[in-house]
Amino acid sequence: MWYLCMFFHRLLDYRKAEVESLAQLFLDDKDKWSSLEWRIPLHHHPDSPFHYVNLPSEDAARNIANRSILVKGIYEIWGEGGSYEELEESIRSYPDERKLPYLEPGTTFKITVDSFGKVISFQDQNDRIKGFTYIPFKGQVNLKNPDHKFWVMETDDYGSSNGLPPVEGRRIFFGREVGGADRSLLPTYQLKSRNYLGPTAMDAEIAFLMANQALATPGKLVYDPFVGTGSILVAAAHFGAMTMGADIDIRVVRDGRGPDCNVWSNFKQYGLPMPVGLLRADNNLPPWRSGLKEVFDAIICDPPYGVRAGGRKSGGRKLLKGTVDPYTVPDDKRTDHIPSTGAYSLVECVHDLLDLAARMLIMGGRLVFFYPVLREDDNVENHFPEHPCFKLIATSEQILSSRYSRVLLTMVKISPYTEEIAEAARIKHIDFRENHLKWLEDGNLHSAVFSPDPQLTATGDSKLGKEPKPKYRGKYV
Amino acid sequence: MRLLTHNMLSSNIKGVSNGFPLRIEVGKVVEKQVDFNADFLRNMFPKIEWKAFVDAAKTVGYAELPEEVDSSALESEEFLNKFHHALLELHLEEGALVCPETGRRFPVSKGIPNMLLHEDEV
Ligand SMILES: C[S@@+](CC[C@H](N)C(=O)[O-])C[C@H]1O[C@@H](n2cnc3c(N)ncnc32)[C@H](O)[C@@H]1O
């Protein structure tokens, strides 16, 4: 059945991807395997908050909406039109057997008028509500906690005050709410009130979206190889998953800022179960035993690209005093020795991440991670990393500045990690090690993306001369 | 560090051919209660190296696990409870994991194993 899905007008690229992912959690197996059908309402733009989506049941629609972060509401639409007259006609012709159960005496209800792109005065809202006398409501009005919530949703019929391209005509929807996001999560989990924060802690809203892309649920094990302060795993734990994380930086992952301000305390703060494991390890040389595979249901992470938290890996060559190459750590310095690390290029980091995920994810498991892109690149899609074990199923761009974006990639493991794939990865690993400098020069999008020459940036924007994304797109939209 | 993690880790020092299981050097073990989730236990069970798990449990003072099991054990609630307890509720807070081949100690402090290698071990 077709439902109207109204999104919050933000993070436009994440909206459908989230619903598609949640459908995997809440649809029956028989309905699951094709992607959902979507339809844009008459006169609407693909970036409009209104989309029709075809879902097999009201329960599925409700579960998806309630678990989502970006779905303002999913509605059973009783009618729509370009004017209130057309709307009335449309509602009248909607089958009684679909309407009457929600109009019965003894039930409570509420009608809310909502608009996108304009403000409707209280007076006008009331007038509109009074106009629905042709719907035989037998229940009682209850504004606080009604059994049934009805919505009148209007969209703009003039200019484009909402930032979207002007619509050609007005559209009014009347529908019954089936479910909607619980955004009260966001103030609860906002970073501002997080105990232990780092410079790259993941924003709560994005972390929840990542956990949804990863299908985090109770009984699953979710791993973050670049765990930092744990902010992504906090979101996964909120949805009931068991979590595990690693980081190369012992101060970040173990010490934090004291006994009550560390990764553990970030879980405690929200009454969430602690991660089942935290360790200090280098994702370039993961310490998993060789026979171990297919243990994680999902891997979610924000890999260390960028100036603030550029990647490091084991085996730097910072010589201690008095030692000669080939490098050895003197015995008396071993115990408290702090190994030096070398720079970790973006290509190598992504290679390691895909290899780890290919081996350690269960079949059907998901790898969800951010990937940086230069916005002026027209063919961004062609540059996303690929791996024979994975199928890329969603790409959601978040614009960070006029030049850079990060794209949340969602991949599903579709074939097993074979001996041949493992061997190819091993050879590549050695190649990275031996040709370290070459890789840093040739393959390092990271330095191009995140450490731009300041002079270039200063003049770069005006030189671009083309706008790859519509004007209304920005960091949060 | 819980025994689940212990069962997943090995010494990956260059040249070491079998770094599993790491020998546990106990400093301090604590018990923390964890919510029981049977699905999680069933998912994890086939991934566990059982002998290493039983030995590790003994090292941290828990000897209730059967020496040998197969997946039919998962039907027994009593078994699941023991498995849950050993896998998730026993924490090595302080101590070390020792490489079976080289004797290299990977320290565990504040519950976190430090698996990072030295420059000459990679
Ligand atoms: C972008 S931050 C992730 C922050 C994290 N999402 C949080 O909530 O705090 C990247 C993290 O990767 C870590 N890192 C860098 N190189 C690494 C490596 N080779 N292996 C494991 N972790 C690494 C950094 O210490 C940093 O904490």
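A:Tyr223 and A:Trp288 are both buried in this predicted model. Their rings make an aromatic pair of the edge-to-face kind, with 5.5 Å from centre to centre and 75° between the planes. The two partners come from distant parts of the chain: A:Tyr223 belongs to strand E9 (residues 221-224), A:Trp288 lies in the loop between strand E11 (277-280) and strand E12 (296-301), and 65 residues separate them.

B:Trp50 and B:Phe79 are tilted, at 5.8 Å centre to centre and with 40° between the planes. This pair links helix H3 (residues 50-59), which holds B:Trp50, to helix H4 (residues 77-89), which holds B:Phe79, across 29 residues of chain B. Both B:Trp50 and B:Phe79 are buried.

Over all chains, the count of aromatic pairs comes to 29. Chain A also has an aromatic cluster, formed by A:Trp78, A:Tyr94, A:Tyr102, A:Phe109, A:Phe132, A:Tyr134, A:Phe137, A:Phe150 and A:Phe174.

Rings meet charges here, too. The charged end of A:Arg39 sits over the ring of A:Trp2, 4.7 Å from the ring centre. A:Arg289 lies over the face of B:Phe20, a residue of chain B, at 5.0 Å from the centre of that ring.

Stepping back to chain A as a whole, its secondary structure consists of 16 helices and 17 strands. Of its 477 residues, 53% count as buried. Among contacts between residues at least 6 apart in sequence, 76% join residues at least 24 apart. Chain A exposes about 21,400 Å², and carbon and sulfur atoms supply 52% of that area.

Technical notes:
Residues are numbered from 1 along each chain as its sequence is written. Chains are lettered from A and ligands numbered from 1 in the order in which they are written. This is a predicted model: local features need pLDDT of at least 70, side-chain atom pairs count only at pLDDT 80 or more; totals for chains, interfaces and linings use all residues. Side-chain values use heavy atoms; hydrogens and water are left out. Helices (H or I, at least four residues) and strands (E, at least two) are DSSP runs, numbered from the N terminus. Buried means under 20% relative accessible area, exposed over 50%, partly exposed in between (1.4 Å probe, protein chains only). Contact means heavy atoms within 4.5 Å. Accessible areas come from the Shrake-Rupley method with a 1.4 Å probe; for residues, only the protein chains shown count as cover. Rings of Phe, Tyr and Trp (its six-membered ring) pair if their centres lie within 6.5 Å; planes under 30 degrees apart count as stacked, over 60 as edge-to-face and the rest as tilted. A charge sits over a ring if NZ of Lys or CZ of Arg is within 6 Å of the ring centre and within 35 degrees of the ring normal.
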